[in-house]
Amino acid sequence: MVDLSVRLAGVTLKNPIIPASGTFGYGREFSSCYDLNILGSFSWKGTTAGARPGNPQPRIAETASGMLNAVGLQNPGMDAVLAEEVPNIGKLFQGPVIANICGFSLEEYAENCRRLEDVEQAAILEVNISCPNVHAGGRNFGSDPRSAAAVTKAVREATKKPVFMKLSPNVTDIAEIAKACAGEGADGLCLINTLLGMRIDLKTKRPLLANRTGGLSGPAVFPVALRMVWDVYEAVDLPIIGCGGVSSGSDAAEMMLAGASAVEVGAANLRDPWACKKIIEDLPGVCRRLGVDKISELTGGAHHG
């Protein structure tokens, strides 16, 4: 029997499959499709201090091999999440949850992490540093090593929970960002977030998205994500959650061979609500084909051949 369990900074997951933040809400909708307890974990919707309505419509656009989104971090805010979503998550899912945290200042990031300190089920804090820094002209925190390090330092001082920094691919050298986060005490890394892109409506001759640009996700980004996971695995000695275009058990195995300890599944959930369930069911067969009894043996395997 194949052992699908993995560990992330001391947190054990029954398997490496994690629905990605922004594609799974807080679990409510998907719980009507299947028992969420088959999952390794899930990363809840990116949460800010206050409620956010998100960007104006239209904010979703299809592409040939993926999708663009400019949702704009729509969420109910930390108060509502603690009062309503956290108790409900406990009814739907008994495993460790990954809390995705967003912020527009160092203080907001730190306070959001601090408020989750006593939420036992929030086992890992996934800190999205693709948010704009309102004190630095709107440039996002993940765009340079210094600002990425500053967020890492702020959240590391605010919590005792494992902190995984979610990195943006829209940078010159993602390995340098990873090193900066590692240097300030990150327990792990999640990569990649979406790639910046756009579409133009030929009828109106205007961008399809009201926000003009959006984040590209789906199968189109998988080779980019895979390469970045590879580079970061070579650069730092931290567990990695690989994310970007994963749609099958084979994709998950490939991501782990590149260096990921676990894998997030994003856009595939929007195309097929049962995607994660199907991937989990496929993993034992993938492991047998690759000749491993423990899926954790795949992590970094392509670096040692």
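In what order do the strands of the open sheet of seven strands come? The legends below start there. This is a predicted model, in which local features need pLDDT of at least 70, side-chain atom pairs count only at pLDDT 80 or more, and totals for chains, interfaces and linings use all residues. Residues are numbered from 1 along each chain as its sequence is written, and side-chain values use heavy atoms, with hydrogens and water left out.

**View 1. The open sheet of seven strands.** The order is β3-β15-β14-β9-β8-β7-β6, and the pairing is parallel. Strands and helices here are DSSP runs numbered from the N terminus (E, at least two residues, for strands; H or I, at least four, for helices). Two strands pair if DSSP finds at least two bridges between them. At the edges sit β3 and β6 (97-101), each pairing on one side only. On average, neighbouring strands are turned by 25 degrees against each other, direction ignored. Zoom in on β9 (residues 188-191) and you'll see three bridges to β14, in the parallel sense. Cys 190 has Ile 241 of β14 as its bridge partner.

**View 2. Helix α2 on the sheet and against α3.** α2 lies across β6 and β7 (122-128) and runs at about 170 degrees to β7. Axes are lines fitted to C-alpha atoms, for helices over the stretch in contact, and angles run from 0 to 180 degrees between N-to-C directions. The axes of α2 (residues 106-115) and α3 (residues 145-158) come within 8 Å and cross at roughly 30 degrees. The two helices are therefore roughly parallel to each other (the label covers angles under 35 degrees; over 145 is roughly antiparallel, 65 to 115 roughly perpendicular, and the rest oblique). From the α2 side, Leu 106, Tyr 109, Ala 110, Cys 113 and Arg 114 meet Ala 150, Val 151, Ala 154, Val 155 and Ala 158 of α3. Contact means heavy atoms within 4.5 Å. By class, that's nine nonpolar, no polar and one charged residues. (Ala, Val, Leu, Ile, Met, Phe, Trp, Tyr, Cys and Pro count as nonpolar, Asp, Glu, Lys and Arg as charged, and the others, Gly among them, as polar.)

**View 3. Helix α6 and its surroundings.** Seven of the ten residues of α6 (residues 249-258) are buried, so the helix is largely enclosed by the rest of the structure. Buried means under 20% relative accessible area, exposed over 50%, and partly exposed in between (1.4 Å probe, protein chains only). The buried set is Gly 249, Asp 251, Ala 252, Ala 253, Met 255, Met 256 and Ala 258. These pack against β1 (6-8), β3 (17-19), α5 (222-235), β14 (240-243), β15 (262-265) and α8 (275-290).

**View 4. Helix α5 beside α6.** Their axes come within 8 Å and cross at roughly 30 degrees. That makes α5 roughly parallel to α6. In α5, Phe 222, Ala 225, Leu 226, Val 229, Trp 230 and Tyr 233 meet Asp 251, Glu 254, Met 255 and Ala 258 in α6. Sorted by class, this contact has eight nonpolar, no polar and two charged residues.

**View 5. The open sheet of four strands.** Here the order is β4-β5-β13-β10, with antiparallel pairing. The edge strands are β4 (60-63) and β10 (195-197). Neighbouring strands are turned by 35 degrees against each other on average, direction ignored. Three bridges join β5 (residues 66-69) to β13 (residues 214-217), and Leu 68 has Leu 216 in β13 as its bridge partner.
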